Every structure is written in C-alpha cells, then in structure tokens.
Amino acid sequence: MSSSNKVFAAIGEFSTVKEIWHACEKVRDSEFTKWDAHTPFPVHGLEHAMGMGRSRLPFFVFAMGITGAAGAFALQSWISTTAYPIIIAAKPYFSWQAFIPVTFEVMVLFSAGSAVLGMLFLNRLPRWWNPLLESETFKQVTNNKFIISIEASDPKFDPDETQEFLRSLGASKVELVEE
Amino acid sequence: MTHMFPRWTNHLPTAVAVGVPLLGVAVVLGVYYFFSPYYTDVGYEPTQPVPYSHALHAGEMGMDCRYCHNTVEYAAHAAVPPTSTCLNCHKYVKANSEKLSLVRQSGETGEPIPWVKIHQLPDYAYFNHSAHVGAGVGCVSCHGRVDQMEEVWLHEPLSMGWCLDCHRNPEPHLRPVSEVTNMAYDPVAAGYDPSEDPNRTREVNPPVHCAGCHR
Amino acid sequence: MDMRVSRDPVDRRPLLVNPPTDYNGVTEAVAAPIEWKTPMGWWIFFLVSAVFAAMYAGSTAYLIWEGTGIWGLNVPVAWGWAIVNFVFWVGIGHAGTLISAVLFLFRQKWRTSINRFSEAMTIFAVVCALSFPTIHVGRIWLLYWVFPVPNQMGAWPQFRSPLLWDVFAVSIYGTVSVLFWYTGLVPDLATMRDRVKSKVAKFAYGIFALGWTGSTRHWRHYETAYMLLAGLATPLVLSVHSVVSFDFAVSQLPGWHTTIFPPYFVAGAIFSGFGMVLTLMLVSRVIFKLEHIVTMHHLDNMAKVVLLTGMIVGYAYGMEFFIAWYGGNEYEMFAFINRAFGPYWWAYWSMVSCNVLIPQVLWFKTIRHNVAALFVLSIFVNIGMWFERYVIVITLSRDFLPSSWDMFYPTVWDWAALLGSFGLFFTLFSLFVRFLPMVAMAEVKSVMPESDPHHEPDETEAAKQPATATAGGAS
Amino acid sequence: MTRETISAAGPHNPGRRNFLSAVGATVASLQTAACIRKPYEKILPYAERPEDLVPGEARHYATVWNVGGAVQGLLVRSTDGRPTKVDGNPNHPMTGGSTIWAQASVLSLYDPERSKEPVREGEGVSPDEAVGFLKKLPDEIGDGSGLAVVVPELPSPTADRLWEDIRAKYPKAELYRFDGAGTDHARAGAAMVGIEGAAWTTDGTPTVIAAFDADPIGTEGDTTAFTKAFAAGRDPNRKPAEANRLYVVEPHVSITGSNADHRMAVKGSEVGDFLAALAHHLKKGGLNVPTLDAPKDKLDSKFVKALAKDLLSRKRGSTIVMVGERQPAHVHALGFVLNEALGNFGKTLRFTKQGPTEVGALSDLVRRMNDGSVKQLVVMGSNPVYEAPADLNFGELFQKVPLTIHLGLYRDETGRLATWHIPQSHYLESWGDLRAREGTTAIQQPLVAPLYPSLSPIEFMARLTGAESKGYDLVRATHQGAISGGFDKRWQRWLHDGVVDVGQAPSFVPSVKTDGLAAAYKFRAERAQGLELAFVRDNAVLDGRFGNSPWLQELPDPITKIAWDNAAVVSPNTAEKIGVPNNLEQSSVRDTVMVDVSVGGETVRLPVWVQPGTAEDVVVLSLGYGRKHGGKFAKSGFDVNSLRTAESPYIRSGAKVTPTRKGYAVACMQPEASMHDRPIVRDATRGDFTDEPNFVEKFEVMDEDHVASLLWDEPEYTAEHQWALTIDLNSCVGCGSCTVACQAENNIPWVGKEDALKGREMHWIRIDRYFEPKHSDQVEVRYQPMACVQCETAPCENVCPVGATVHGPEGLNNMAYNRCIGTRYCSNNCPYKVRRFNFFHYTVRNDADYGMGIAMQRNPDVTVRYRGVMEKCTYCVQRINKARIHAKVNGDGIIPDGTVKTACQEACPADCITFGNIRDPDSKVSHTREDPRNYAVLSELNLRPRTTYLAKLTNPNPDLAEG
C-alpha cells in the first residue's frame, strides 16, 4: 500500500445494529452527501435513518409489466388475425380468451426482468472495481460488521477530519481506503 | 492497491446493456435474411451442360416460351424439352457447332442431357404451372426476365413467404392470359384491371391454406 | 439439553434453535461445507449422479438420432413418460418458489433457513422439467418454430394451443426462478468473495457478486426488487402449474377434460415440492451439520404443509370421481372406473396410497419429529406424485373408441430418461451444495434477534422461557 | 420437377438400366432433407418424349389379372412410366372395386426379392443360356411320354390354345392343375354330378345365400363382383322379399361368416351333415332331391329348418346354396343338386363352357412321380413343394424327377429344388388374356417392360413347343381370327376398354346326374375324438403367394386383427379345454402362449389365439405363413402344411394341442374387441328400421339442443366445395381393400411386426371390428372403417402449437407435414385416434427393406413423410387439388359431382363410401347424408365431422329370432 495512491474513502466499523443506526442518524445530520452505511443484511428502517425515501423501482416495474402484457396480447392478436390468419377448429381468428395465459406470462417476465435489471441499474451494479472491496476491514461487512463509508469525492471530505468524525460516532475501527 | 477486477470492468454493464439487445436484433434479422432464399438462392446460376442462351432464343429471336416448355398450359410441370425439340432446328441450323455436341450425342444415344435444376421447390411443396398460367400469372413474375438471361439464374427466392405475398394479393401480378409469355408486358403500365377483362370467367382465388400447396 | 432459542420478534415464536451465538457463527456454519476439503462422500455422490446424467445425455442423443419410437409410445398413448416426468419435475419445481415467494409475502420468517435450498431445487427441477418436452418432440431441430420469430415462411405459432402456453409459462417460470434465486444469492456470494482464500474462487465469486458492498442504498432497491419478485412469482407459480394442467384440461379426453385440474395440480405441485424438499433437506442438514439452522420446527412445519396438501390432493381425487358420476357422461365415468379398476389399477392405488393414505401418519407429532420416518414418508410422496402424473397420462390408453385402446409399456430408454433426469438433478444439486451457500446467510442474519435495532442483549437468554423447541405452529 | 427425373425411362423406352438409374435419381432426391441451401439436382428430360406423354401427369391403362381363377379387370395408374396404383376396371363385368391382392400387386412388381435371373441347379446363369436350354428342350421331351406340366388356374384363351399346340407336339404329355387358391374340390363335386369343362360363378344377387363353409366375400371365387351385388342386395330401400339374407355354416369365422344374418359354428366335418339335413327338409318341402340320410341332431336343427323354409318361400331361381372349397367333393355335389332343384342354374349360378378338359390333379401327378414315369416335370406359376399336403411327399419326389423346370415370380421352395428355375414376368410386365368365369375375355397389357429377363406364362408355354414368340404376338394370334377385318382398330379399343367384345365363352345350363350321389355321400359315423383342425386360406396372404408383400402382411386380419402372423385360433371354451389362458381377457391381449399342435405324428408349434365364434373343438390354422424361401417378409408366421393330408387337405380330426411354457407376442392391431355399449356402430333389424326410420337418434348420448350450441360464432366454410364422405356400414363387409388402397395411394409406410406390436401401425384408414369377447361359438361382428373424419371443429387443430394441422376453406382438416414438429398432442386430442405418427423414419426403413422398389411405387403427388411428423387421412387432397386445378383452368372452377373419388372409395367392392360436395344439394353425398340412417360417431362431442356413417341393418329370419 504505497502512500502515493489516491484516497478513495474513509470507513468506520461498528459492531451492532444499534450503533450504526445512531451513527447513521448523525452522519445524516452532518453535511456529508457521498456516504453510505454497509451492513451484512438489510437493516429495516436504516435507510430512513439515513434520510432516504422509498425506492422508485415499483413504478418502473409496473410500466414494464403493462408493456409486456400489451405487447404480448398485441403480438398474438396481430399474428392470429393479420399476419397468419388460419382457421383453427372453426374458432374466431381473434380468440382473445386463448391469448390470456401468454399475455400473463409475458407480463410476469417483463416485470420480473425489469425488477432485477432496474434494481441493478438504480444501484449502478455490477461494479466490480471498487477499492472498498479490497480493504480487509471492509470485508467483514459481509460477515458481521457494520461500516459507514464516506467517499473522498465528497466536497466536505478531509482525510483526517473525516476519520475523526467517524471515531466520534463510536466506530470501533477507522481507516482510509486507497485506490 | 491491487484490484481483483480492473477499473474498466465497471463499464462492462453499460456495454452489455447496449450490446446484447443490439446483438439479439442482429441475430434475428441476420438469420431472417442470410438464412433465407433471398440470400442463399437468388442469383443461383449454375453452369449448364449445354451453353444454351435464353437471351438468344427467347429474347433476340423471339421464340415463345411454349415452343419448348409446351406442357406449361395443361400440366403441373413446364417440362424441360426433350432433345428432339432442340434437334428440330439444330438438325439444320448450326448442325456442326461444337457447343451442340452434347445435344447431338443425346439425340443419337437417347441418353438425357443432364440439365442442372435452378427453380427448385422442396418435395413437399406442389406447384402447378397450368393453374398459374391459366390464371394469367406471367412467366416473368417468378422467373424474371429470362429473355435477357444468357444463362438462367434464379430471380426470385421461391420461399413460402414470397409465394404467400402473391397468393394473398394476386391482382398486381395478373395479366391477360394472352400476355403470359410476354416478358416485356407490364400490367401496371398497361393499366390492366383483371375485373374488367372479358376473357376472365371467374375470379382469381388462389389458395392460402396449407393444403393448397402441401399434400 | 441446553438450548438457546431465538424467537420471532413479533409473535415470539421460536425461530432458531441453538442458533450460532452471533452473525459470524452463521457465516461460519453456512460457509463451512464450501470450505471443507471435498469429502469422499461428495465425490461418490457426485460421480454416481453424473454417470446417471451422462446416461440421460446419451439416451437423449440416441433419441434424437433414432426417433421417439425408442420409447414405448404408441398411438393412443402418444405421450408417455416424457410428459409424466415433465409434469413431475415441474411440480417439484414449485415448492422452492412457493417457499421463497409466498411465505416471504406472508412474513413467514422460518422460511429463511430453507428458501435458498428449495429455490435451488426449484431451478434444477425446472431444468429437468424443461428438458423433457424439448426432447420429446419428433423434430427437435425445428423446435424454434414455437417461438414467434419472423421467418421466410411467413408462418407463426398457434396461440390457442395449451402447449404453446406451456412453452411460455415454463420457460418464463424458469427464468423468473433463476432471477429470484440469483438475486437472493448476491449478498451471500459477496460474503463468500470476502472469505475465500483461493484466487480462482475469489474471482468467480467476485464476478457473480457483482461488486456487492452491502450498501444500505443498495439494500433499499434490492429489497424492493426482492419483494416485487416475490409478488410476481406468487401468481406465476400458481399460473404455471395451472397452465401445465391446461395441457390436459383443455383437451377433451375423458379423464383429462376436467375443470378441477388447475387447483388440483397446484396443490399437487406444492405437495410434491415439499416432499422433495424434505427428502433433500433431511439428508443435507445432517451431512452439513445444519441442524441448528434447519430445525425440527422447520421440519414440523413442512410436514404439516405436506399433510394439508396431501389431503387437498386426496379431495381432488375424490371429487374427480364424484363429478365423473354426477356429470353423467359415460366416457368420463368409464375413464375413472378404469383408472381404479382397469389394467393400470396398480398405478392408481399406488398413487392413492402414497399421496393420501400414508401422509395421514403426519397427524402424529412423533412422526413429524422423527427424521427417519419423515424421510421414508417423503420418498413415498415423491413416488406417489410421479404415479399421479403417470395415472393421468396413461388415461390416454382408453378413450372414446374402444377400437383404439392400447397399452403402454416403457422401454429401457424410458427408464434411462427417468433415472437420468434424477442424475441430472442430483448432479446440479451436488454442485450447488459444494460451491454455493446453502442457506441464505443475509436473510438468516436479518431475522436473528440481534438484528432488531431495539434489541437488548439480555433478552435472548433462553433462561426466561425454557424452550421446547417445538412450540408454535405453522399457520 | 423432381418427379420429372423418372421420365428418363418409360414404357416406350424400356431399357432396364435406364429405368433403374432413374430410380436412383428419384431416391436420392427423396432423401434430401431441408437444408439451408437447396440440394443440387438435375433434370433429365427425355431425349425423345413419347407422344402424348406429359411428364408428371398420371395415365391409366386397362389390364386384367387372376387369382386362383378369379379374373378381375384392372385399371393401372402409371406416372412417368412407373405403375403406382391398381384399381378395378369398371368396364369389366367381374369388377366392383378391387381386392386387397390387386391393390398390393403394384408393390410386388418392385419386390427386390423377385427372381432376377434363370437358375440352373442352384447356379445363376445368363438369360442366353436359359434360352439355349429351352431351345433344345423339345428334343429332350421327344413324344412327351415323360412330360408332365403343372399349371395354375389360368383361364386364358391363349394358354388354352398353346396347350393344344403342346398336346399336338407331344401327344403323350399330361397336364395337371395345382393352385393353392384353386377349386379342385368344387370341380370334383361338379364332375360327380356330371358337370365338366365348365366354369361357374355366383354374383351375389340371390335373396337367400346359404354359405356352407364358403367364403365368397373373402377368399373364394369372384369376391369383388359377389360383394358388390351382395352389398347392393342389402339396400334398405329394397322390398323385404328382395333384400338378401345370408346364412353361414362354418367352423372358423370367415369374412362371409362375419357378415351373416345367421351363423352357425360347426366343425368343418359336420358341414356336410347339415347340408344333407337341409336336403332332407327341402325334399320334404317338395323339391326333387335324392333321399339322403342325415344325423338326427342335424335334422332337428332349428337353423336348418328355418333355412329350408326360407329357401322354399322364395321365388325359384333367386337363392343360392354355396359350398366352400374346404369341403370335400361330395358336399359340393350335393350343393349342385340342391341349386338345380331350387331352380338356380342359369340364374344365380351361371355356367360357361371353358377350359381344357383333360387336366389331372396333383395326386394323380404324385402317383406317376412315384412310379418314375415322369421324366420332365414343368411347374408353372405355383409352389407345390411348399403348399402340397405333407403326406404327398412332393418335395422329395420332385427331386427324383430327372428334369424339373420351374417358372415363377420368385425362386421359391419349388424353384430352389428345380433343375431349372426360369423367372416369370409380373402381370404388369406381360401380355396375355384372361377369361372370367362369367365368360368375358380381357386383354392383359403390360405397363412396363420386364424389369428382369423373364418370360410370361404364355411365352413360356410357347417355348415348350420350340417357338420363341413374343407375348404380344401370341395374344393377337389368338384373337385375330375372332373378327373379320379392322383388327387393329378393335384391338386398340379392347386395350382401351379393358374387355374384348367378342368371343364370350358360351353360357349353358347343365343337367345334373343324381344317381350316384347317395352312395358317394359320406356321413361321419360318430364324433371323432380330439380336436379338429381347420386349415383356411389366409385373408391376407391367401395360400402364401402374397406372403412377401409387407402391405398384406401388415394388413390386420379382418376378424382376429392379427398382422404378420398366423395362430392356432380357438374359441374361448376350447381354449379353456386346452388349458391356455383366454388372451382376450388379459390386459395384454397380445401376449399369448405357444402350443404344440400335433396330429398323425407331425407337430407344429405356434401361438394360440382366442376368437369367439370359432366352432367348439376346432383349431383354425391359416395357410400361407412361415415360408422358407418366399422372401424376408414371407418368413413370418408358422407353416402348417405339414399337418395336412391329400385326402382331406382342409379338415383333419384327431389332433392334440399341448400348451407350452413359451410365450409369444402376436401383433394384434385392435386389442379391444367390445364396443362397451357405446353408440359407435349403430344397427337395427330391417323390421325395426321400417317401424322407426330414425332409430339412429335413439343411440344419442346427449340430446341435440345440448350439443348444437357453440360458445362462439358458428363456423363459416364458404368455399364452393365442401367435402364430405359417408360410409354405409350396411354394405361394408370388412375386407380391407380400402386400407391397402390408401396405403398405395398415400405412400403410407409399413412399420414391421416389432412396431405393430407396440400399436404404431400407420394405416390412415383402419377397419374397426367389434364383437363381444365373452361369447364362445356365437359372435356378431360389426365393422367400421375409420379414418380422419375431418371435424369442422377439429380438436386436433386447437392444440397444435405451430399450426401444422389447420382447417382449409373447403372443410378439410389439413395436415402440413413440413410444419409439424411432432408434439403428438393432436393425436392425444383426437377422439377417433386416427392420427398416425412417424415414431421412426419408417420411410427410410422401408427403403432399406425394399430397396428402390418402394420408391418406384410411391405416388409423386403425395409428400413422403419424414420421421417425427404426424400424418392422417386427407380425403385424398391430391386428387381434389388436381380436380380443382383442372376445373379452374378449363372451366368455371366448379368440380362436377363424382369427379373426385378417394382411393378408399375407388377400391371398395361394396360401394359403401360416397364422397362429394355437400354444398351441391344434388350431389350423391348430400343425399346419403340425408338418409335417416346417417349419424356421426361421437356426435355428442359436437365436432361436426364431415365423415358420417349410415347405420347397419340386419335381416334376421323371424323364425330364428332369439327368445
């Protein structure tokens, strides 16, 4: 770890949910914007403690579901009545009842696909290159530790002050992560 | 600090998000075109055993198609003429030409001339020339300007979709039955309207169901 | 035995028995089977499974080379074991998503210990299931005609066919199941990425972990997405087996043409799925020392689900007979009498015994808590549900005109495909248990008492309420 | 234009090598599957196209053939020089539809196992060598004192003439007749009452038909002509007195017996007793019949009494008593006497003078062979080494004759033992002439030049006299004298029409000598101990001559539905006595056991099969199976000829049947025989029909109001032609001609025994036969031809994911093979189970089995199906399309009624199939659909099938009414 490397972020480690919860409330009230709380599991309500609202994902998924259903129904109708009208068991070309199952299934496909892809998009994932992931301290976040990270790109960031700030929140361990 | 993944990998998702849909569309369209007779078959121009020129016979000399393909009006096949048809003239005309040696040989031995097939449908598709000629579909609609081809090549894809296009909307391809073999006739230019043709006794009603061609 | 019981924070039901003392304990317990030196037992199991899977591949190659005639099919029975196996595996493929999605929506937190496992089972079962209709067609190389892709023939699929609905339903179900499973796996893959020492493993886990950092900003969207997936998967799981049942119900054959099929199939699917989860879980929890995560409580709940769905299935069997009689259609009546007393009576009564009669022992708590008994029972359920599909498909043998009646006799290739598909399933499964976390660590951690922000450490001490470890019910 | 390749050779360009190379080209192109790039193919046009030949267009030629003396006029379709289909010639008096054998004969032309070269003492020799041998033969024969010629039933004027030539050249030569499908017993019976040099026929018009072990619908006599008239005689519109009634007394269930109004199952040896009892009652009724004794129990038979009364109540000369070939001569003699007494001579039983008179029987020949006086033995077109009853020891004696010559289509069992084997030309390769029993002569004209160096029977006979005449000249020479002048023009007309309009064999009414009859009539003194064996000619392979036809081997027996095998057929009670399980009552009907059938020291092991309706204590054994040298298909089954005796070749008492532990699987194509009380085949008696013409409605499962409504708009089929087909179950006799005709027309592969056992037969039209399997010697059989019924609301279409089976505007359920991916869902959803699946590549398997021959036979107008696709009846859509195109090109596009005939309709001897356009209210099919007997099978499913059925009517004798 040569010191010539750029500092990427400062991280502070906490041991319990309660600790990080209170720490988050404090960071929220500070002026930092580029910061995050990392937990091994979703801590319910922590995003509120961090001052975030609800995810916008459902609107996107809903729109895509409607698109899928409408598209599937339209495709089936177009094929059966216009592109390739053939007499099947003397039934009407536009046998809409028979198109329902596929319409439904495609709706689910579009919704589910957009839920996952939308989530990845909103999270800007995948993001394989991330200096945090190389930190031995940070690695504990996927096991049993709770970490608050404040990125160096934050305008208020100062390596020393920020570390001090994290310590003041009760972090048991604080370090700088370099690129 | 050493990283497991280099920094550029963070751009991969964007690339994939843009690239994969494009690739998908490209594959479908690619298969649609490059695996289709439009690409694989149109323009097929094999070398024939006898350098027979349609451009010369049908074009320049103005021979009617039916002189050789004489079964076209009453049979499914527009039969390739027997050697004897060639020899009707070539017994006298260019009787010693080098190019015609195979024809003469066939006439003497009775062995057929092995023409290479160009307009080829799968064995499960049944095309009937008499039905089309009788309905006033010109030779040129499927075979192109044979009268301008030195050696015949495949002008149309003869795919099912191509057949269906005309079967669903035959009017633009119809002409007076008397003009069927007229390669230069253009029904649009001539302002032809099949519904006003007094020689037509019935509506042209080509089949669009499976058993029309597959049986 | 000194027990430490973790309780549901809401209704105080015991959630984990003897849980690891802390988060790290969970991680260690779940990661242990992956980090062990590969045991000999695993190799034996894997290789035997792989041999069977190879047999499946080989028999399929021969099938494609020679034709579907290598199976015992004939004209009344034009669908044989391929479709039996298809429906069987699809059915099994229902428990996973059901456990994950439906129980998730109902906030049944006990699911966290078994959902990963059963989702994996779902996917492997769907892989097996999808393979059968694919290979059973006469001209597999033209199978792409079932998809609406533009082509030079100007021809399109026929959307009135239940088989086409099936194509969409099962393939979309497979896709959504994979998405659901994989979404759940991402945080755990990150855990593995951060634990493993080997570079190759780190790289592999790293790729699939997608750079997950456990960020709360991410968790926010992640949880929404997961909830939506669960919400979508729930109707999907019900629709898929309904659509599969349409293959039969939309036809007009006596014995197939019944409106009860969709709910009956869904219940049967849950039944068989839980049966298979039990089979696998009972073995794995012992081998991989996960008894403290997959507890008696879980087994008890699953046994109750099996009992309930078994009775629903039994009800359906009875109702089919009643309607056949009540409907007054002689062909229908004959079809059902023929099932029970015709040449395939043995299949029918095997089905009834395994699916309805034998599961009744689950009324007894001693059975529900006897691992060996549960294992034997789960095997019966698996067999019974295979026979249920066999009984339905073999109804083909006797339909309207007696002149066309005929028998179906399986050939060695039918057996190869059936056993081979089990080989494929267990091959995939053994790879799963070797390389992926079997239990959703992040989810288990999230339901541990410590995870509640208002948690006070002393509350978890078991001393206050001596646990019986079995209290509480499934609901 | 693939199909044009074949035109490199044709009937007018008969080079053999050309022909086969053209086959190669066709086969190669048939095997090219769809690739991205279409395969490289060549067009081989004629060097000189025969006048009026149009490549790809089929032409029809009239010819004639004979099976065991039954002559049938035929129309053969030839496509680009290949005969592809055989049908009856409507101009010929002895034709109504065609037999299964005529239908299958087109395939035998191409049989790769046909004899291809002359063979001398086991070594193939060049044709020239054989010609040289035949040239020197007259010297060797000398005056003919050592010459014996065995001929089959060959009612040919030219053959008769040539025989006279042979007789003239070799005055001491002897002629013998041997034909496995011949009529030796009937001839001997006729001789007993003084009828000689005659042929006779019964055409099925009689109002009372009493068949004593006779099978005029199935295997004996002019079956198609008989069936046509018989079926017409069951027309419900006939007055009761004119409608026919069929009585059958027989040991096994024959096709005739299965159509009987009254049938009595008795041992074959007792049939004569019953005829004597009938004679007794007829005498009591006032007929001039000699007094014959009959056992008391036969005299008391209610059946016989009722039959006698019925016969006496009818107009003289309107009934018939028929005696089958399986009965000994004296029973035939009595049959003639009774018919004479009933006034049937010249009316329902017509005689013509024909045939050479001095012809010996095989037993006479064997006597001479035994004493060594036969030096040169010529066997033409028959196979006595295989077929002759074992006790004649023919094979061994045959080898002791110094010179034996065999002329045959195959180098069969006889051909293998002969000094010389000469290949015989197929009838489609030969010139000839044949005279029907009714008297009409027809010219046999070849469709192709012989594929292999071979001689036709008449050419061969000419060679015996040292002449090397061509068949064409021989036939013309016979007839040239018949008319004066203008012969060529007449000849052309004969060829065109298929009948010769001069030189009818003279008809006459013989007188009957009854004096010796009483003495000759042999009764059975007492019941013989043990089981009685009944040897019957097989319904498919006859005496074995058709054994190498895979079509016929796979054609299920009309009664037992067994294909590819024969079995020891017994009644359920007899099965119990023998100690074998009743296979019809097991779930696996096809699994039966082998039994040892032994009699007189000979034992044959074959599977046992239970068939209700078989007489008690009788074991029925079909002839013609288990050939050693008949070809690979003819090997199937079991040879039972070793159990036969010359004295009584068809009936043998004192047999023992011992069950073995060995199992055997029999390819039964319809394991379930019972109709399970479902209204599938609907029937009534004529009386009930008169009282209640709409009786078919009584059978309906649901009332019409419930059925008729649809959830959606009514289907609209608007095309000018709406095709429909009706099948009259009242006339269907169950013969199976439709099945074979369909197979020939539609390129339907055979699947072989292995797959037939699994229930994978490909027949587009099958004949369902129903009976109650519980009965023992009584059985009522119902037939129902079943093919795709072309439902208007077809359930198969709805379930196909790719739309491979869809509806056409003319109401046809189209099957686009090339779109099919093979999910088989359509078959599952078809309530009639008429769809057929190519589980294997049967087409290619057939190619491998049959060489190029099968490809030569295939109809170029019908797609050859690939593995993994579904197929089914199309109503012969290729014929409809052809007619439609013709109508469009040449007229207003309307196809006149009767223009399109389906293959099954054309083949049906009983005219039970009517096909046409129901939008035309005057079409025949519109009328048959309005018949009160018209009904749809499974009408309650509201499938609106275009194929409907006309209910069967039985005509029972009120005196024999049950209860």
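Student: What makes up the area that chain B and chain C bury between them?

Tutor: In this predicted model, chain B and chain C bury about 910 Å² between them, with 72% of it on carbon and sulfur atoms. On the side of chain B, Met4(B), Phe5(B) and Tyr32(B) supply 56% of the area buried against chain C, more than any other three residues.

Student: How do you know that chain B and chain C are in contact, and how many residues take part?

Tutor: Contact requires heavy atoms within 4.5 Å. By that criterion, 12 residues of chain B are in contact with 11 residues of chain C.

Student: How many salt bridges and polar contacts does the rule find between chain B and chain C?

Tutor: A salt bridge needs a side-chain nitrogen of Lys or Arg within 4 Å of a carboxyl oxygen of Asp or Glu. Across the interface of chain B and chain C the rule finds 0 salt bridges. The count of residue pairs in polar contact there is 3, with both residues at pLDDT 80 or more.

Student: Which helices of chain B supply at least two residues of the side that touches chain C?

Tutor: They are helix H1 (12-34), helix H2 (37-40) and helix H9 (160-168) of chain B. The largest share, 4 residues, comes from H9(B). By class, that side of chain B divides into 9 nonpolar, 3 polar and no charged residues.

Student: Why is the pair Lys833(D) and Asp399(C) called a salt bridge?

Tutor: The side chains of Lys833(D) and Asp399(C) meet at 2.9 Å, N to O. The cut-off is 4 Å between a side-chain nitrogen of Lys or Arg and a carboxyl oxygen of Asp or Glu, so the pair qualifies. Across the interface of chain C and chain D the rule finds 4 salt bridges. Between these chains there are also 37 residue pairs in polar contact, both residues at pLDDT 80 or more.

Student: What makes up the side of chain C that touches chain D?

Tutor: Helix H2 (40-66), helix H5 (162-195), helix H7 (216-249) and helix H10 (330-341) of chain C each supply at least two residues. H2(C) gives the most, with 4 residues. By class there are 38 nonpolar, 14 polar and 8 charged residues on this side.

Student: How much area is buried between chain C and chain D, and which residues of chain C lose the most?

Tutor: The buried area is about 4800 Å², of which carbon and sulfur atoms give 54%. Val75(C), Arg139(C) and Leu401(C) lose the most area to chain D, together 15% of what that side buries. In terms of contact, 60 residues of chain C meet 60 residues of chain D.

Student: What volume does the largest cavity have, and why is it called a cavity?

Tutor: The volume is about 920 Å³. The term cavity applies because a 1.4 Å probe fits there but cannot get out. Of its 48 lining residues, the closest to the centre are Asn66(D), Gly381(D), Leu409(D), Gln424(D) and Arg545(D). The largest share of the lining, 4 residues, comes from H2(D). The lining divides into 17 nonpolar, 22 polar and 9 charged residues.

Student: Which residues are closest to the centre of the second largest cavity?

Tutor: About 340 Å³ of space lies in the second largest cavity. Of its 29 lining residues, Val536(D), Asn539(D), Asp557(D), Val620(D) and Ser622(D) are the closest to its centre. Strand S26 (residues 618-622) of chain D gives the largest share of the lining, 3 residues.

Terms used:
Residues numbered from 1 in each chain as written. Chains lettered and ligands numbered in written order. Predicted model: local features only at pLDDT ≥ 70, side-chain atom pairs only at ≥ 80, totals over all residues. Heavy atoms only, no water. Buried area = accessible area lost by both parts, 1.4 Å probe. Polar contact = N/O pair within 3.5 Å; in protein donor to acceptor, adjacent residues only side chain to side chain. Nonpolar A, V, L, I, M, F, W, Y, C, P; charged D, E, K, R; others polar. 1 Å grid on protein atoms, 1.4 Å probe; cavity = no way out; pocket = protein on both sides within 12 Å on 5 of 7 lines; lining within 4 Å. Points joined across faces, edges and corners; volume = space filled by probe spheres on them.
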